[in-house]
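Trainee: Could you walk me through this model, one feature at a time?

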Amino acid sequence: MSSHHEKMLHQAVQLAQENRERGGRPFGAVLAIDNEVIAVGVNNIVHSHDPTTHAEMEAIRSASQRLGRPNLKGSVIYASGHPCPMCLAAMVLTGVDAVYYAFDNKDAAPYGFSSDAAYQALNLSLLSPPLPLVRLDVGITAAQLYGAQGECA
């Protein structure tokens, strides 16, 4: 594991923590190309009332606008949580190379943040994901990021 990947993932988790402190959902994402941060995003559903404003989607939108192109080939996304089917589809469609994430659906489930039901409803399996999905330890627990059990933002 590269310390660079861990550093970028820590940044995504920090964004998630800050977003939770502002009353948003505890999700953050960093999109990088060649080890350079191109864009970041946080989950903005609470404030925008737009169910598509997930952290990864916001980072993809911002990167595409900054780069002036929809193709993000060569990019890596660092996400505080395992990507939901919508975000994963957007990553595949834009050419994202890999995803590094801190917490999976089992970690998020007690706090009401698992996307496992969406994967099941769409009959999608992650047994062979369409791009590398790598979980890294960020040195904090799910409870530290997501809050007290049952507490949903």
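**Reading a predicted fold**

Mentor: Let's start with Asn43, which sits in the loop between strand S2 (36–42) and helix H2 (45–48). Helices (H or I, at least four residues) and strands (E, at least two) are DSSP runs, numbered from the N terminus. This is a predicted model, in which local features need pLDDT of at least 70 and side-chain atom pairs count only at pLDDT 80 or more, while totals for chains, interfaces and linings use all residues. Residues are numbered from 1 along each chain as its sequence is written, and side-chain values use heavy atoms, with hydrogens and water left out.

Trainee: Is Asn43 buried or exposed?

Mentor: The general idea is a cut-off: buried means under 20% relative accessible area, exposed over 50%, and partly exposed in between (1.4 Å probe, protein chains only). Asn43 counts as buried because its relative accessibility is 4%.

Trainee: Which residues does Asn43 touch?

Mentor: A contact means heavy atoms within 4.5 Å. Leaving aside residues up to four places away in sequence, Asn43 touches Asn19, Arg25, Phe27, Thr53, His54 and Ala55.

Trainee: What should I look for in the backbone angles?

Mentor: Most residues other than glycine have a negative phi. Here His49, which is not a glycine, has a positive phi of about 65°. His49 lies in the loop between H2 and H3, and it counts as exposed because its relative accessibility is 67%. Asn123 also has a positive phi, near 55°. Its place is the loop between H6 and S5, and it is exposed, with a relative accessible area of 71%.

Trainee: Which residue follows H4, and what is its phi?

Mentor: That is Gly95, with a positive phi near 90°.

Trainee: How do I read the helix itself?

Mentor: An α-helix has 3.6 residues a turn, so residues three or four places apart point the same way. In helix H4 (residues 85–94), the buried residues are Pro85, Cys87, Leu88, Ala90, Met91 and Thr94. Their cover includes helix H3 (55–67), strand S3 (75–81), strand S4 (98–103), helix H6 (116–121) and strand S5 (133–135).

Trainee: How many helices and strands are there in the protein chain?

Mentor: Seven helices and five strands. Along the sequence, the pattern runs α-β-β-α-α-β-α-β-α-α-β-α.

Trainee: What does the radius of gyration say about the chain?

Mentor: It is taken over C-alpha atoms, and the globule rule is 2.2 Å times the number of residues to the power 0.38. For 153 residues, a compact globule would come near 15 Å, and the chain's 14 Å agrees. The C-alpha atoms fill a box of roughly 40 × 35 × 35 Å along the principal axes. Buried residues make up 47% of the 153 residues. Among contacts between residues at least 6 apart in sequence, 64% join residues at least 24 apart.

Trainee: Where does Ala109 lie?

Mentor: Ala109 is in the loop between helix H5 (105–108) and H6, and it is partly exposed, with a relative accessible area of 42%.

Trainee: Which feature does UniProt place at residues 3–126?

Mentor: The unreviewed UniProt entry gives "domain: CMP/dCMP-type deaminase" there. UniProt positions are given in the numbering used here, feature names are shortened, and annotations may be inferred rather than shown by experiment. In the model, the end C-alpha atoms of residues 3–126 lie 26 Å apart, and the span is 45% helix and 21% strand.
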